[in-house]
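Welcome! Take a moment to look over the structure, and then we will walk through it together.

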Amino acid sequence: MHVVEVERFGGPEVLVWRERPDPVAGPGQVVVAVSVADVLFVETQVRSGWGRDFFTVEPPYVPGDAAGGEVISVGKGVDPSWLGRRVIARANELGAYAERVVAPLEALTPIPDGVGTREAVALVHDGPTALGVFGNAPVGPDTTVLIVAAAGGMGSLLVQLAHAAGARVIGTARGERKLETVRKLGADEAVDHGAADWPDRVRELTGGVGAEVVFDGAGGPLGGAAFAVTADGGHFSAHGAAAGDFAEIDEAEAARRGITVHGIQQVWFPPQEYGGWVERALGEAAAGRITPTIGAVLPLRRAAEAHAAVEARQVVGKALLEV
């Protein structure tokens, strides 16, 4: 089989096409023929050498945490009824940028009827996280909600969830193409956060009060600016680090203004719970309540192009790799 391998830390060019032996399912495992693999922004950061204190992976390695496809073989102790089933698999011995992955049963989630494999893979990470951070926030009818990076994979889901809850939704993105996507997803207002005065626009839209609930999917200076336009007594979700790091929040100021701050640690689900959250996200998709925004689908061997596009913020929503 073929895999995409990070041969050293660096730019997208360090992703190389390699041939590797086909994996074999051990006891309690299955082998999945991959159709689609997820591409996460954090994977581009790790590939570049960022976050060495948190991520211990060393080159050469196969990136990718989740893939969707069909079970083609099972190991000892696995019910043969798994054969031929469409599943999401979180990779075990090999990363997901591969034509085959081996995974233990507990890392599998069946894909329900009515949900495409592409859509399921697009939801496997952003779906649980979006449901988690949304569930932590007091969003209801007429709540003013600000979603930073609203055209991203997770931001687009938060727009849909907030809109369905009856909230007044303000979404930020960069450039008219992404802003139009944000409007189509259900945002009442779309603000270009590429403009230096974008926080003033948010204050104007909220009558100078600020947003009652803020979902920060960017971090860095953008997240800091979003915190500044959070209403006193509001809720701030600091889950994004696409700008290079999470937003720096002054805890004393948050306390003085009565702002509840939730970080990404509130949605780091333990392994034994994660599968249930994936099932819930896929169930929401099957019921038509959320739909992932897929902006780019590239062949697996062109993973370097996918990484470059994600890093350049050229993708609206999710980027996927297809075998």
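Which residue in E12 does Asp216 stand opposite? Asp216 stands opposite Ala238 in E12.

## About the model

This is a predicted model, in which local features need pLDDT of at least 70, side-chain atom pairs count only at pLDDT 80 or more, and totals for chains, interfaces and linings use all residues. Residues are numbered from 1 along each chain as its sequence is written, and side-chain values use heavy atoms, leaving out hydrogens and water.

Let's start with strand E11, residues 211-216. Strands (E, at least two residues) and helices (H or I, at least four) are DSSP runs, numbered from the N terminus. Five of the six residues of E11 are buried, where buried means under 20% relative accessible area with a 1.4 Å probe, counting protein chains only.

E11 runs parallel to strand E8 (residues 144-148), and four bridges join them; two strands pair if DSSP finds at least two bridges between them. Val148 has Asp216 as its bridge partner in E11. Strand E12 (residues 230-238) also runs parallel to E11, joined by five bridges.

Together, E11, helix H7 (residues 220-228) and E12 form a right-handed β-α-β unit. Right-handed means that, with the strands pointing away from the viewer, the path from the first strand over the helix to the second runs clockwise.

## The whole chain

Now step back: the protein chain has 10 helices and 15 strands. Its C-alpha atoms fill a box of roughly 60 × 40 × 35 Å along the principal axes. Of its 323 residues, 54% count as buried.

How values were computed
Buried means under 20% relative accessible area, exposed over 50%, partly exposed in between (1.4 Å probe, protein chains only).
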